[in-house]
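Morning, everyone. Please have a look at the model on the screen.

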Amino acid sequence: MTNATRLVRALVIAAGFALPTAALAQDRAPEAPAPSTPALPASDQNDQKTLKPVSAFDGIADETERSIAIFQETGKVLLHPRCVNCHPAGDRPLQGMDMHLHQPPVQRGEADFGVPGMMCNTCHGPKNVPVVAQSEDIKSIPGNPDWHLAPIEMAWQGRTLGDICRQIKDQDRNGGKTLAELVEHMASDDLVGWGWHPGKGREPVPGTQKQFGELYEAWAATGAHCPHR
C-alpha cells in the first residue's frame with residue numbers, strides 16, 4: 001500500500017465513511033482456491049469404518065483379481081492408525097489417529113518390549129484402564145497381557161499395501177508363519193483383537209475380528225495374491 005493510499009484510507013475512516021470495495025481490493029490477499037477434489041460422500045466415509053463380507057467379492061470372476069480385492073479390503077484394518085502405531089518404521093511406537101511419536105519417549109529394546117526401566121508393562125497392564133480427570137485427550141491407557149511392538153521386520157509405517165502384503169507372506173520376516181498360521185493369527189490373536197477394543201477415547205479398527213479373519217481365510221484360499229502397489 002502506498003503512502004497516498006494510507007492517507008486516503010485514514011481520512012475517509014476518520015470522516016466515518018466506508019471505502020468502496022474496489023478501492024480496497026488491492027489491499028486484500030487473494031481468496032483461497034476451491035478444493036481441487038470434492039469431499040468424500042458420507043457413504044464412502046462410512047464404508048471406511050466397516051468391512052465388506054467375503055460374499056461381496058464373489059462377482060469378481062478372475063481368482064487373482066478377487067484375491068487382490070479381498071486383501072485390499074483388509075487394508076482398512078492394516079493401514080488404520082490402531083495397527084500402524086504398533087508397526088512403526090523406527091524404534092519408537094506411535095500414538096493417536098495422527099500417529100505421532102509415543103510420549104513418554106520409550107524405545108523398542110532388543111525384544112520389542114522396551115528397555116530396562118521403561119518396559120512396555122511399566123505403563124501397560126493386562127487390560128485397558130480408564131483414566132479420569134487427567135487430560136481431555138487421554139481417556140484410557142491401553143492394555144493387553146502381550147503388549148509389545150511388532151518386530152521391525154513387520155514395520156508397516158510408510159509402506160504401501162502391496163509391500164505390507166509381501167511382508168506378511170514372507171516367512172523370513174513374519175516369524176516363520178505359514179499361510180494357515182497367518183489366518184489363525186489374524187482371526188484369533190488377542191493382541192490383534194485389541195484393535196477392535198482399544199479402550200475409551202480411541203477409534204477402533206473397522207468391522208470385527210471375525211470378519212477380518214474370514215477375509216484372510218478367503219484371501220489365502222484364492223492364492224494369497226498381493227496388490228502391485
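This is a predicted model: local features need pLDDT of at least 70, side-chain atom pairs count only at pLDDT 80 or more; totals for chains, interfaces and linings use all residues.

Residues are numbered from 1 along each chain as its sequence is written, and side-chain values use heavy atoms, with hydrogens and water left out.

Helix pair. The axes of α7 (residues 179–188) and α9 (residues 209–221) come within 7 Å. They cross at roughly 165°. That makes α7 roughly antiparallel to α9, a term for angles over 145 degrees. Helices here are DSSP runs (H or I, at least four residues) and strands are too (E, at least two). In the contact (heavy atoms within 4.5 Å), α7 contributes L179, V183, H185, M186, A187 and S188. From α9 come Q209, F212, G213, Y216, E217, W219 and A220. By class, that contact has 8 nonpolar, 4 polar and 1 charged residues.

Now pockets: open sets of points on a 1 Å grid, where a 1.4 Å probe fits, with protein on both sides within 12 Å along at least five of seven lines. Lining residues have an atom within 4 Å of a point.

The largest pocket has a volume of about 880 Å³. Its lining counts 39 residues. Nearest its centre lie Q95, G96, H102, P142 and R202. Strands β1 (94–95), β4 (118–119) and β6 (140–141) each supply at least two lining residues.

The second largest pocket holds about 560 Å³, with 28 lining residues. H185 is among those nearest its centre. Which helix gives the largest share of that lining? α7, with 3 residues.

Conventions. Axes are lines fitted to C-alpha atoms, for helices over the stretch in contact, and angles run from 0 to 180 degrees between N-to-C directions. Angles under 35 degrees count as roughly parallel, over 145 as roughly antiparallel, 65 to 115 as roughly perpendicular and the rest as oblique. Ala, Val, Leu, Ile, Met, Phe, Trp, Tyr, Cys and Pro count as nonpolar, Asp, Glu, Lys and Arg as charged, and the others, Gly among them, as polar. Grid points are joined across faces, edges and corners, and a volume is the space filled by probe spheres set on the points.
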